[in-house]
Amino acid sequence: MKTLKGAGAAQPLLYDCGFAREIYALEGGAQLKRCMQCGVCAVSCPSRQEMDYTPRRLFSLIRAGRKEEVLDANTIWVCTSCCTCRVRCPRGIDILGLMHELQFYYLRSWFKVHSRASFQQAFWQELRERGRIGEAGVMLRCWLKEGGLTGAVLKSLEMKGTGLRLLRRGRLRLIPPKIEGLTGLNKIIDKALAQQGYAE
Amino acid sequence: MAAKIGVYLCSGCGIGEVLDPAGLLQVAEDDRRVALVRESDFFCGQDAGLIQGDVTDRVVDAVVLAACSPRFYVKVFDYGPGLPVVRVNLREQVAWCHESGSEDTQMLAEDALRMALARAGGSAVPEPFRLENPSRAILVVGGGLAGLTAALEAARAAYRVILVERENSLGGWLRNVYRCAPLRPPYAESAENPFHLLSREVESHPGIVVYRGASIERTAGGPGQFDVTVRQGERLLKERVGSIIVATGAGAYDPAKLTRLKNLAYGTSPNIIVSSKFEELALRGGGRVARPSDGREVRRAAFIQCAGSRDPEHLPYCSAACCVETLKQAQYLLEPDPDCTVFIYYRDLRANGQYEHFYKKVQEEGAVFIQGEVVHVADRGGSLSVEADDLSLGCRSRVEGLDLVVLATGMIPDVAGGGPEQGALKLDYRQGPELPALKYGFPDSHFICFPYETRRTGIYAAGSVREPMDLVTTLEDAAGAALKAIQCVEMTARGQAVHPRALDVSYPEFNMSRCTQCKRCTEECPFGAINEDAGSNPLPQITRCRRCGTCLGACPERIVSFKDYSVALISSMIKAIEVPDGDEEKLRVLVFACENDAYPALDLAGAAGLKYNAWVRIIPLRCLGSLNPVWIADAMSRGIDGVLLMGCRQGEDYQCHFINGSELARTRIMNVSETLDRMGLEAGRIKMVEVEIIDYTKIPAILDGFADELAALGPNPLKGF
Amino acid sequence: MRYSFYPGCSMEGTAVAYCKSLVAAAWALGLYLEVIPDWNCCGATVAPGLAGSYTSRVLAARNLALAASRGLDVLVGCSACYLALSGANRRFQEDALFRIRAKEALAEGGLRYDGNLRVRQVLEVIAHDVGLDKVRERVRQPLTGLYVAGYVGCQTVRAVPWSFDDPEKPQFLEKLIEALGAVAVPFPAKVHCCGGSRAAAAPGEALGYVKNILEAAESAGAALVITPCPMCQFNLEVNQLRINQTCGGSFNLPVLFFTQLICVAFGLAPAAGLKHCLVPPYRALSRFRP
């Protein structure tokens, strides 16, 4: 787990509520105000050991206005969406939804890319282009994003065994179908994004 | 005294499989007082009519029922006040915890029956102590939220109420409060201050007499006949009441003492204030809070919880209400202006009970809660800052640009009224004018089981004078105390004891001709029930008595006795135990078990099927405080090898139902040890243990351990004399 | 009983066996499934991070809009799809503001949805609409003596807590195993996370999750593991092989969809799609195949 910058140093952290207000304005973000820092999410999380900050710590950093630490942390990318925290949270906070929303916030307003977001972005591309997801296609896109053409080739070779096995067992479609109403789907997505003031 | 005892031997619930009924029959037949013996395996069911029939036909005048524990089927085996029922606990304390068919188990059962016969034969039928003209009026002292509520509750139940308020107007603490924390479901919205409505209702209620600007000069007598002298200005008024509710409330912790807390910087800036000051500002501004220094509106504020609370140097306890009050005050700022920024520094946010909803609401309104210890508050030219060891961030943190810092201070019980120690009631009791306190000046009570009871029977504490509490709890507390006060006047009128021996009509009688004026009874009575005359003679006030028998245990001359509980009676039970010769290698251990916790624990051990040695002979006592050392001498001279006292936990968090019974018992046996020495007996033959009801699993270890210790000492040398 | 059926992307790919066996088992239990025409990806737990929860819910709702006219309950097998679709549906039903805006967005694609449908998980339908008695009756080939670990995973029981089972200590899958005549081994790891889509995004990091689950199943004496979740099935099976390769493990635990096991017990083994398994289940099931 990460130690905070400035922790233990002479300079105390200065509370700044601006960032928190931005987060509260996100879809479902206002729930975060209810967090009482009990830490049930932290002890419930199966990925807690890998996280820079547990959800509880992340939320306290948001409240303190530590934007940099929050968005730098791997926490939101390490979440497996297992819903345990959501089920257990005594305040009924949809923590998992907040994690997703923070990923969205990150990609949209900060860096546009995150090393850990390649899979998500590949998934989204596939969805936009075909309307459905083909596992092979997503993985290939993902590896291309991560390592370019060479990287993708190397990675494909590395994963060859698994891929071939799946293929042999009839579990991989190399050319997945496109849905018929793809144009309509994309219009719906564009509209939904536009409603929130975003465009791709 | 019973002359026609009916003995009923039950063989149900496994008793029949363990014991030989012939032996028990023989014991009963050997006793001349036994008029008849019946056997069944279902006295609590289909054969219940058998006993009732014998009682109705007046064949018997006392029932000895050898079956289950006296704690069960009390209603089934109740034949009215004139007919004593003595239960022999063959089920929980013999059949379920000892070897089946063994000679020792059989001897245990037979001894238990003999002891019960002795008890039944020696008991008289108690006559209730009735006052001639008991008062049913209720006195309420204090006109704050608790007092007003209690007065109304009692008056609505058609009891005459006399309310005495020190100030010239009613309302108490609430008179200086703008709005109140939520008082009803869903506990999310703050409530209008209820004191106007309440005081109007009290003043206009025909059943309530209100004395404002009044104090109590003297309280004499006891439940059903308290004679209270009220001073109102120059006037002295006399009132007779049946019971008293003390609701004198609490005061705020002295802010001046906060200056000793350097980190909070109280006193260094006009904008660092205590919560009562904040409330005053809100009240004056009609909800708008202006900065004391320049009257500017407050846009950024910090509240600091536990200012001088939970601090051994100041108030060591939690005042239970400050967190909720702060939540409410934060709302004063947040509701009119959601852009206002409020920081709340807390150690543990204690929004008890339903106030959790309120906490959540204020969170949603945007207050920022910071858990940690405040290390530094400073005012730089009107802009305040707070620095804290922030627990949620795990480092030092700082908030700047604050307009106001509010320190949430705790409460101390009834300062202005003199506190219960100084005696707001000015009791005319031999043990002093005050309500005895346990800690921090709050009145002593068995606060888990009987929270409203004080150590003065018929006097009930309610609201924050009893313990620090929030408003909702106060309302509940006031209603609870009103019910207790009503219960007290009614039961007193019937000559019954109030808790914990509720409904008991027996009471101690003093054979004054043998009294030596040693004052032990008047000093040791935990409830101050015995006054003294000028010649140091005890003057028992029976309606104050809780029937624990502490006086009976205290009296060296054995002049105190109840109709069905006395030194002689218990002695006769001890003498009923058959003690085998020393060479038989059968130990005999006498156990005095407190009826309230230890005896149920013994029952539970039996119900759980735990096994222990069959040497023990158990006598339940009303309280270990009623243990008279004579019994130990009796037991020893009978050749019994050891005596074990099983009582409740003592000390600061005591569990004794009668405050200090087990403590008194310990002192008494320490004195007895010297006597034992003189008799040439080892002090190790007497032992005292503290047992709670949940300790039942430890019972075998306690009893077998003591038996082993006694075996090591060898047989009692007095056996056979 | 008729249902609209939302298969989800994985049922066309890695979880093709789930699709086949689910349809066969449902048919045998009298549940008739009509696939939602031209359904699209639900967005799973991935799209919200890319396009925001709102957009993600709207795109999931397109499927509900396509099914709306038939008015049938929407049956979902995949747990991530269930999470996404039921979440979107709940918003439609409970959040007026969301409803207005989402309808506007759907109208852009010429669709309309008012929140009139119910989204149901297959297990929940078996629990409530079918009942275990009917399952027991339909068994032709009781799986006597077969030790099975019922791996419930996360989202199936937690997407809508208490809809049919305890979200922390689910029992239903085990009862179903017993109804098929098999023995449900005590399996405390049944709700431990398998790593989810992280296994795809960062395969190395997810091995630990799977290893613990497989070890627990093995030490409980299970001959095979069943699950209602495509992601869990994929992770447990594929990563099992990776662990064997890279960390010197020697796991050989077949991981089936629970519907595959139902098919075997119903005497419908050919429809169970066992040929799609990477870890062959034939030895474990040898006694039960006609």
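**Chain contacts, pocket and local geometry in a predicted model**

Chain A and chain B together bury about 2,000 Å², of which 54% lies on carbon and sulfur atoms. The structure is a predicted model, and the values below were computed from it. The size of an interface is often stated as the accessible area that is lost when the parts come together. In terms of residues, 21 from chain A are in contact with 26 from chain B.

Two salt bridges were found across the interface of chain A and chain B. In a salt bridge between these chains, the side chains of Glu364(B) and Arg34(A) meet at 3.2 Å, N to O. Polar contacts between chain A and chain B amount to 14 residue pairs, with both residues at pLDDT 80 or more. On the side of chain A that touches chain B, at least two residues each come from β1 (13-14), α1 (17-24) and α3 (55-64) of chain A. The largest share of this side is supplied by α3(A), with six residues. Sorted by class, the side of chain A that touches chain B holds 11 nonpolar, three polar and seven charged residues.

Chain A also touches chain C. Here the contact involves 58 residues of chain A and 62 residues of chain C. About 5,400 Å² is buried between chain C and chain A, 57% of it on carbon and sulfur atoms. Of the two pairs of chains that touch, chains A and C have the most contacts. Chain B and chain C are joined by no contact, and their closest C-alpha atoms are 18 Å apart.

Six salt bridges were counted between chain C and chain A. A salt bridge between these chains brings together the side chains of Glu104(C) and Lys191(A), at 3.7 Å, N to O. The number of residue pairs in polar contact between chain C and chain A is 30, again with both residues at pLDDT 80 or more. Several elements of chain C give two or more residues to the side that touches chain A, namely α2 (47-68), α3 (79-94), α4 (96-108), α7 (155-158), α9 (198-201), α10 (203-219) and α11 (230-246). The largest share of that side belongs to α2(C), which gives 13 residues. By class, the side of chain C that touches chain A consists of 30 nonpolar, 17 polar and 15 charged residues.

Over all chains, the count of salt bridges comes to 84. Within chain A, the side chains of Asp190(A) and Arg128(A) meet in a salt bridge at 2.6 Å, N to O. Asp190(A) belongs to helix α11 (residues 182-195) of chain A and Arg128(A) to helix α8 (residues 118-130) of chain A, so the pair ties together parts that lie 62 residues apart in sequence. The secondary structure of chain A comprises 11 helices and one strand. Read from the N terminus, the order of the elements of chain A is β-α-α-α-α-α-α-α-α-α-α-α. Along the principal axes, the C-alpha atoms of chain A fill a box of roughly 60 × 40 × 30 Å.

The largest pocket has a volume of about 1,800 Å³. It is lined by 46 residues, and the closest to its centre are Pro70(B), Val74(B), Val85(B), Arg501(B) and Asp564(B). Elements of chain B that each supply at least two residues of the lining are β4 (85-89), α4 (91-95), α5 (103-122), α16 (598-607) and β31 (616-621). The lining of the largest pocket is made up of 30 nonpolar, six polar and 10 charged residues.

Some local backbone features were found in chain B. Most peptide bonds are trans, and most residues other than glycine have a negative phi. Pro185(B) and Pro186(B) are joined by a cis peptide bond, with omega about 5°. Pro186(B) sits in the loop between β7 (179-180) and β8 (191-192) of chain B. Another cis peptide bond joins His499(B) and Pro500(B), with omega about -10°. Pro500(B) is located in the loop between α12 (471-493) and β26 (509-510) of chain B. Ser536(B), a residue other than glycine, has a positive phi near 65°. The loop that holds Ser536(B) lies between β27 (530-532) and β28 (538-540) of chain B.

Methods
Residues numbered from 1 in each chain as written. Chains lettered and ligands numbered in written order. Predicted model: local features only at pLDDT ≥ 70, side-chain atom pairs only at ≥ 80, totals over all residues. Heavy atoms only, no water. 1 Å grid on protein atoms, 1.4 Å probe; cavity = no way out; pocket = protein on both sides within 12 Å on 5 of 7 lines; lining within 4 Å. Points joined across faces, edges and corners; volume = space filled by probe spheres on them. Helix = DSSP H or I, 4+ residues; strand = E, 2+ residues; numbered from the N terminus. Nonpolar A, V, L, I, M, F, W, Y, C, P; charged D, E, K, R; others polar. Contact = heavy atoms within 4.5 Å. Buried area = accessible area lost by both parts, 1.4 Å probe. Salt bridge = Lys/Arg side-chain N within 4 Å of Asp/Glu carboxyl O. Polar contact = N/O pair within 3.5 Å; in protein donor to acceptor, adjacent residues only side chain to side chain.
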